[in-house]
Amino acid sequence: MPKNYWGEIKDPVHGYVYITENEKEIIDSYPVQRLRRLRQLAGSEYVYPGANHTRFEHSVGVMYLASRVTENANFSQLLSEEEAEMVKIAALLHDVGHGPFSHVFEQLLIKELDKTHEDITTWMIERSELKDKLTNTGYKPKDVGKLAVGKLRKPKRAFLDQIISSAVDVDKQDFIVRDTHHTGAEYGYIDIFRLIHALDVLGENLAVDLGALSALESLIIARIESFKSIYFHRVGRAAQIMLAIAMEKADEELGLTKFKTAEDYLAMDDYTVWTALKNCEQSSQIIENLERRKMLKCAYERTFYEKDTTISNIFGLEAYRKQMQGEIAKEAKVDAESVIIDVPTVPSVPYHHSVLMESMEIPVFRKTQEGEKTQQRLSEISKIFETLKGFINILRVYTTEENRGKVEKATGKILGRIPSAAKISY
């Protein structure tokens with residue numbers, strides 16, 4: 001039971017989450033309560049009807065897992081009580097900068113303001129009512145804001161950032177388990193508490209004891225399977241693209257990126273923006289299509305597993321993508337606007353914070369009988385990791401249902417025929 005215990009929250013994934021008076025104060029703030037109106041997986045409900053969980057319960061779950069890490073004997077002796085509490089609060093607040101429809105809004109933020117939701121998270125913690133609430137409960141808003149996005153960079157304490165932002169952070173541990181729970185697309189059992197128990201500090205970095213190798217491999221496999229089957233499912237992705245286009249078309253009239261204060265930003269959530277898009281002439285047709293589940297259709301799909309990222313890097317460039325969209329549209333004799341190339345590319349196991357190894361490696365170690373930690377290379381020990389690290393490049397072309405046949409034929413001609421075994425079912 002925590003000190004200053006206030007009560008508990010019943011979570012469908014982790015069970016009872018016990019919270020303190022201070023944590024309740026932050027949870028009851030408007031920026032955190034707004035997360036109840038931001039779905040975690042906007043667009044996925046068109047594929048998995050149960051995927052209507054929100055950023056709120058995810059944030060509570062991340063806070064809970066952060067508390068389990070700080071209670072781990074390897075960390076409890078390294079952390080002061082204040083640091084342990086700050087890690088929990090930063091974990092709770094790690095998503096307060098998300099916009100409506102979560103990551104979908106981010107495309108607009110990056111394009112118009114050159115900001116990510118992490119930038120907005122730090123800004124929100126320092127500028128909204130959270131600033132006073134944090135100050136009143138003894139925290140420094142600036143430090144909490146940096147730690148919430150894994151950028152505190154406290155000398156010789158890189159592991160503090162890595163608890164919240166790394167290849168094995170509590171954010172991923174929660175959302176992989178939570179998202180598979182709510183979608184029903186579950187990929188084996190992940191023993192996250194075994195993984196948490198195996199976390200330790202090597203030098204100043206978060207590392208995993210190889211005694212928990214099977215739990216770590218389960219997490220890596222589940223992340224890749226979830227990537228393919230949930231996060232970038234072709235229909236869920238179609239819904240996200242439609243929402244992104246709707247917001248882009250309506251931005252000038254609705255001023256979605258014209259916010260000046262934290263309060264302006266907080267006024268936007270899934271409900272308010274959906275209603276505004278529905279009533280805006282530029283975006284109303286797209287929202288009507290979504291309401292009737294008239295989705296964009298995938299006319300071409302190709303998945304590449306490779307270390308080389310050239311394909312996605314090229315298609316990731318907006319100018320090149322637009323040029324190719326134009327060529328496909330011309331070949332198909334359709335309007336250029338009705339051809340959309342999508343290349344959602346991420347490293348399958350990104351690890352940005354380690355100063356020990358090159359990116360794509362997760363620091364791991366074995367303990368000798370004397371208790372000494374000896375660093376190992378995960379890719380030399382785990383054939384699963386060695387096979388799966390690298391990049392997943394997914395290239396898709398979307399269009400309207402009536403143009404699908406023509407666009408498929410044109411894309412095949414321009415981007416090269418896909419072997420029949422790689423064709424997707426509709």
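Tyr5, Tyr16 and Tyr18 together make a nonpolar surface patch of about 310 Å². Residues in such a patch have over 30% relative accessible area and no salt bridge, and nonpolar side chains are joined within 5 Å. Areas come from the Shrake-Rupley method with a 1.4 Å probe, and a salt bridge is a side-chain nitrogen of Lys or Arg within 4 Å of a carboxyl oxygen of Asp or Glu.

This is a predicted model, where local features need pLDDT of at least 70 and side-chain atom pairs count only at pLDDT 80 or more, while totals for chains, interfaces and linings use all residues. Residues are numbered from 1 along each chain, and side-chain values use heavy atoms, without hydrogens and water.

Let's look at Tyr16 again. Tyr16 sits in strand E2 (residues 15-20); strands are DSSP runs of at least two residues, helices of at least four. Tyr16 counts as partly exposed because its relative accessibility is 45% (buried means under 20%, exposed over 50%, partly exposed in between).

Now for a buried residue: Thr183, in helix H11 (residues 170-183), counts as buried because its relative accessibility is 11%. Leaving aside neighbours within four places in sequence, Thr183 is in contact (heavy atoms within 4.5 Å) with Leu41, Tyr48, Ala51 and Ile230.

Here are some polar contacts (N or O atoms within 3.5 Å, one able to donate a hydrogen and the other to accept it; residues adjacent in sequence count only if both atoms are side-chain atoms):

| Side chain | Backbone atom | Distance |
|---|---|---|
| Thr183 | oxygen of Thr180 | 3.4 Å |
| Thr183 | nitrogen of Ala185 | 3.1 Å |
| Asp269 | nitrogen of Tyr271 | within 2.8 Å |

Key: Patch = residues over 30% accessible without salt bridge, like charges linked within 9 Å, V, L, I, M, F, W, Y side chains within 5 Å. Buried < 20%, exposed > 50% of the residue type's maximum accessible area, 1.4 Å probe, protein only.
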